[in-house]
Amino acid sequence: MLSIQHISKEFGPVKALNDVSFDVPDGQILGLIGQNGAGKSTTFHSILNFIDYSGSIQWQGHTLSAEDFNHIGYLPEERSLMTKLTIEQQIVYLARLKGQPAKVIRPQIDDWLERFAVKGTRKSKINDLSKGNQQKVQLICTLIHQPDLLILDEPFSGLDPVNADLLKQAIVAAKERGAAIIFSSHDMEHVTAVCDQLVMLRKGNVALHGSLDDVREQFGKTELFVTTDWPAEQLRALPGVGSVTKRHGNRYVLHLTDAAAGPNIFDALTQGHYIEEFSQQPPTLDEIFRLKVGEDHV
Amino acid sequence: MSKTWVVTFETYLRQIKSWSFLFMILGPFVMIALTVGISYISANSSRSSQQVAIISDSKVLRQSYLQQHQDGINTKITTTSAAKKALKANHLAGYLTISTSNQQLRADYHSSKVMGNGLKAQVQNFLNQVQTGRNYQEAKLSAKQKQALAQTPILKQHVATKDGATNLAKIISFWILITMIYIILITYSSITAQEIASDKGTKIMEIIFSSTTATSYFVGKILGILLVIVTQIAIYLLGGWAGYGLAMHNAGIKRLVTANQSLVDSVIHNIVNLNLLYVLLGVIIYTILAAYSGALVSKAEDASKAAQPVVMLGMLGFFAAFPFQNNLDALAVKILSYVPFFSSYFMPMRVINGTVSLGEQLASLVVLLATIALFALYIGRQYQRLMLQTDSENMWQHLIHSFKH
């Protein structure tokens with residue numbers, strides 16, 4: 001388990017992290033979300049000992065040592081490889097730095113290239129690969145030594161939906177193997193799809209923390225999905241409705257100011273008749289994110 | 001295999017496989033081959049035009065001259081008309097006609113240039129010798145009279161050849177050593193600084209530092225570059241040895257080397273001792289400084305500027321050594337032979353001259369070794385922070401922050 005307790009970091013007058021705490025148990029995926037500059041990369045750099053910080057970060061009950069580096073897979077936000085090397089040379093070099101013998105890694109390379117559908121062979125120069133394929137090679141470098149702790153900074157950035165699915169499968173496979181995984185993303189769909197828990201950072205502080213369901217429940221069932229012939233103005237005039245968003249056709253989302261207003265709205269819309277759609281749900285992660293970010297601008 | 005060695009071999013192989021390394025290695029060989037080739041072609045083409053023909057009505061006289069002197073003589077031309085033709089065609093430097101009239105020898109030199117001093121002395125000597133012989137014959141002198149007239153004064157030079165050779169050996173050894181340090185230093189300071197600076201601020205450094213410690217990576221890089229230096233020196237030694245073997249097939253060079261064997265031995269003795277260790281340690285400390293300098297630049301694009309301070313320091317040591325080569329008792333020499341970065345230039349000077357005890361040499365070596373160890377440790381600790389820095393501060397601002405840290 002990765003345990004982060006009360007870490008703080010200041011860059012001059014800027015407080016990049018302020019008393020941040022959370023745990024990532026083995027076999028779980030934690031999504032770290034937040035706006036640019038919220039402190040996500042600083043958190044990763046603290047875990048990896050790239051910067052000094054106050055507080056405590058422990059891996060399996062002890063402070064990270066040089067030996068633990070062998071069990072970490074790290075993907076930085078900006079991609080970077082040694083462009084003059086071949087795919088094989090690059091993968092083997094980085095794996096050897098993780099303490100893996102070349103003879104163990106080499107036989108696995110073709111399989112990994114196939115899994116990630118890399119357009120190129122093990123002898124292809126990194127420089128000759130497209131940006132997307134370079135990114136896949138970097139992902140392979142991060143995963144090939146079967147790390148117990150995976151730290152992925154914006155791993156889905158720049159990937160098309162097909163490749164994003166391949167990465168999701170790889171992340172889930174690592175989780176099933178028992179790895180503790182922490183990744184950052186701006187795409188809430190990916191976070192929702194694979195994360196067991198999430199931490200939202202805002203200006204270096206933990207703004208939200210918990211399982212996805214818990215976080216969503218905190219906001220109550222304030223989203224009402226309806227299909228009705230009522231015009232939007234009439235819907236907005238209903239008691240307990242804050243605003244209305246038209247989806248398409250006669251489908252709307254009513255944003256409630258009070259979740260308890262749901263039954264009254266149901267009665268008003270149906271009046272004892274059939275209604276095609278009426279579903280009261282908590283806000284999506286995307287909406288929660290916008291909501292929390294919006295608080296900064298109030 | 002330890003991670004340090006993984007980095008060492010990656011750095012080494014990347015450098016060795018580069019075109020720039022190949023050009024660097026082949027450069028001196030190509031230069032030597034070109035120089036020798038051009039000289040050979042030039043010498044061959046000009047040799048015939050520098051020769052002199054000997055013409056004489058007397059076959060005995062001509063043969064007598066040719067028996068005594070063969071160098072620079074065209075023996076194929078035997079007549080005046082052939083000589084004139086060859087001279088006009090610029091195939092001869094000149095021709096010498098030797099004749100006798102009333103028992104008096106006469107030589108006439110025909111050329112577009114004045115007779116060289118060597119040839120003039122050679123001809124004069126030959127004429128005197130033959131003329132004297134004929135004069136004795138003509139005078140019908142007794143053997144005793146001939147012996148009395150043959151008496152010549154004695155001029156003998158007494159030169160202390162051993163001291164002269166020793167001094168020359170010292171000068172040659174001094175120049176070989178400091179030039180060797182200087183060339184290696186200038187070449188590899190740039191390579192090292194660029195090698196390090198090109199990684200600066202790249203995310204690959206984050207991946208590497210998530211795999212191994214900065215100190216281990218730094219030491220691996222330095223060892224990789226030192227292996228490249230050792231490879232280059234080994235190639236040059238092998239090339240030199242092969243070249244020496246080939247050159248010894250040439251009778252002239254073999255004669256030259258044999259005649260100066262004691263000088264060659266002295267030079268080798270002056271270099272292959274503690275001085276070689278000074279060269280190696282000097283290269284190591286400058287390489288570490290170059291690596292530090294590379295880590296201080298603000299971005300990879302500034303790599304070319306990174307080596308400048310190190311090159312300047314190396315040049316300072318090199319040029320500072322000049323004025324003191326004949327004044328080794330100066331206090332500055334004694335002090336600088338203990339100061340790291342300068343001791344690699346100044347202590348070998350004193351060792352070659354024999355004006356320093358073994359104890360003093362070892363003390364200076366200890367200072368140098370301790371500095372290298374402390375320097376590597378200090379930079380190793382700063383290395384991660386410096387390499388991950390992506391701000392826009394310049395090299396000197398980074399240096400100040402580095403000291404503050």
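Helices (H or I, at least four residues) and strands (E, at least two) are DSSP runs, numbered from the N terminus. Counted that way, chain A has 11 helices and 14 strands. What you're looking at is a predicted model, where local features need pLDDT of at least 70, side-chain atom pairs count only at pLDDT 80 or more, and totals for chains, interfaces and linings use all residues. Residues are numbered from 1 along each chain as its sequence is written, while chains are lettered from A and ligands numbered from 1 in the order in which they are written.

**Chain A as a whole**

- Along the principal axes, the C-alpha atoms of chain A fill a box of roughly 75 × 45 × 30 Å.
- Of the 298 residues in chain A, 36% are buried (20 or more other C-beta atoms lie within 10 Å of the residue's own; 12 or fewer would be exposed, in between partly exposed, with C-beta atoms placed from the backbone).
- Take the contacts in chain A with a separation of 6 or more: 67% of them join residues 24 or more positions apart. A contact here means that two C-beta atoms, placed from the backbone, lie within 7 Å.

**Where the chains meet**

- 17 residues of chain A touch 16 residues of chain B.
- On chain A's side, strand E6 (72-75) and helix H2 (87-97) are the elements giving two or more residues, and H2(A) gives the most, with 4 residues.
- By class, that side of chain A has 12 nonpolar, 1 polar and 4 charged residues. Ala, Val, Leu, Ile, Met, Phe, Trp, Tyr, Cys and Pro count as nonpolar, Asp, Glu, Lys and Arg as charged, and the others, Gly among them, as polar.

**Nonpolar cores**

- A nonpolar core is a set of buried Ala, Val, Leu, Ile, Met, Phe, Trp, Tyr and Cys residues joined through C-beta atoms within 7 Å.
- The largest one has 123 residues, and Ile91(A), Ile151(A), Ile181(A), Val283(B), Ile288(B) and Ala291(B) touch the most other members.
- Helix H12 (residues 274-296) of chain B supplies the largest share of this core, 13 residues.
- Leaving aside neighbours within four places in sequence, Val283(B) contacts Ile181(B), Ile184(B), Leu185(B), Tyr188(B) and Ile229(B).
- There's also a second, separate core of 15 residues, including Leu92(B) and Phe126(B).

**Helix H9 of chain B and its partners**

- Helix H1 (residues 3-16) and helix H9 (residues 214-247), both of chain B, pack at an angle of about 40 degrees with their axes 7 Å apart. Axes are lines fitted to C-alpha atoms, for helices over the stretch in contact, and angles run from 0 to 180 degrees between N-to-C directions.
- That angle makes H1(B) oblique to H9(B) (under 35 degrees is roughly parallel, over 145 roughly antiparallel, 65 to 115 roughly perpendicular, and the rest oblique).
- By class, the contact of H1(B) with H9(B) has 10 nonpolar, 8 polar and 2 charged residues.
- The axes of H9(B) and helix H17 (residues 358-388) of chain B come within 8 Å and cross at roughly 120 degrees, which makes H9(B) oblique to H17(B).
- In that pair, Ala214(B), Thr215(B), Phe218(B) and Val219(B) of H9(B) meet residues of H17(B) including Ala376(B) and Tyr383(B).

**A look at Phe346(B)**

- Phe346(B) sits in helix H16 (residues 343-353) of chain B, and counts as buried because it has 26 C-beta neighbours inside 10 Å.
- Not counting residues up to four places away in sequence, Phe346(B) touches Ala321(B), Val333(B), Leu336(B) and Ser337(B).
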